[in-house]
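Dear colleague,

Please find the sequence and structure below. My notes on them follow.

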Amino acid sequence: MSTQSSSTRAVPAGQPLPGVLGTGLRRTWIEMLAFLRERDAVVFILAYPLIMMAIFATVFGQQDQGNAAGSVPFAQYFLPGMVATGVMLTSFQNLAISISVERDDGTLKRLRATPLPATSYFLGKIGQVLIVTTVQTAALLLLAATAFDVPMPSTASAWATFAWVFVLGTATGSVLGVAFSSVPRSGKSVSAVVTPIVLVLQFISGVFFAFFALPSWMQQVASVFPLKWLAQGMRSVFLPPEAVALETSGSWQHGATAAVLVVWLVVGLVVGVRTFRWRRRDDG
């Protein structure tokens, strides 16, 4: 059954139409089924952080990350960056690519011609992102704790920090993914446009390398973008309190993390509302 027909099945006469939220929940289920059918996307998006965690922690597991102020086992320092990049891949990259492809193959045009509310379509996308990101992060934490003895947070405040950073980061990445989906000229070119951006941000944002070890100009560039702050917020959760000395600012900067993510969230909403297209550029 096609995505369109599954989401717009006729309602029996006399029965009220489902609300936006109900339709959005149903759309979430459809989006999950569509995502799971794309096995290459499942492997890359869902398993990528786990594979990278396993490889890097195995190769560099005996090394510590740190400086004169202190050090942290490599696997423990590497975990927050993997959580952050998993969120970015599942939200920003996944949505930017999938929506561009749906626009290119006419799916968005057909959906726009049905009674499906636009809000329900976006709720379905965001719901799918939340489910996948939650499963991905849970699997990543389980792998880190069981295979590499990475200690998990032991306080309610640490988990509360994890929750708001995770939710705000996922929301920001999702909104930016929707907004950015209008940038590529076609579904065929979207991967070539999105993937390099994601790779560059990973290298300069403290995902693959210790952020304090990067050149200062690279740190300043990374500080403009949300991934750096998402990774830093996660480090405040999974690293010991004394590891704050490894941060270039000397603090976890929770206020700045929230502010930057919220600013990007608002920017994504404004740009998305103004530029989102349901048709290809050559289709009017």
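On the surface, Val-20, Leu-21, Leu-25 and Leu-123 form a nonpolar patch with about 370 Å² of accessible area together. The model is predicted, so local features need pLDDT of at least 70 and side-chain atom pairs count only at pLDDT 80 or more, while totals for chains, interfaces and linings use all residues. Residues are numbered from 1 along each chain as its sequence is written, and side-chain values use heavy atoms, with hydrogens and water left out.

Areas come from the Shrake-Rupley method with a 1.4 Å probe, and for residues only the protein chains shown count as cover.

Helix 2 (residues 20-37) gives the largest share of the patch, three residues; helices are DSSP runs (H or I, at least four residues), numbered from the N terminus. Leu-25 lies in helix 2 and counts as exposed because its relative accessibility is 57% (exposed is over 50%, buried under 20%, partly exposed in between).

In helix 8, Val-190, Val-194, Val-198, Leu-201, Gln-202 and Ile-204 are buried. Just after helix 8, Gly-206 takes a positive phi of about 85°.

Gln-93, in helix 4, counts as buried because its relative accessibility is 4%. Among the residues that Gln-93 touches are Phe-44, Val-194 and Val-198 (contact means heavy atoms within 4.5 Å).

With kind regards

Technical notes:
Patches are made of residues with over 30% relative accessible area and no salt bridge: like charges are joined within 9 Å, nonpolar side chains (Val, Leu, Ile, Met, Phe, Trp, Tyr) within 5 Å. A salt bridge is a side-chain nitrogen of Lys or Arg within 4 Å of a carboxyl oxygen of Asp or Glu. Helices (H or I, at least four residues) and strands (E, at least two) are DSSP runs, numbered from the N terminus. Buried means under 20% relative accessible area, exposed over 50%, partly exposed in between (1.4 Å probe, protein chains only). Lists of a residue's contacts leave out its neighbours within four places in sequence.
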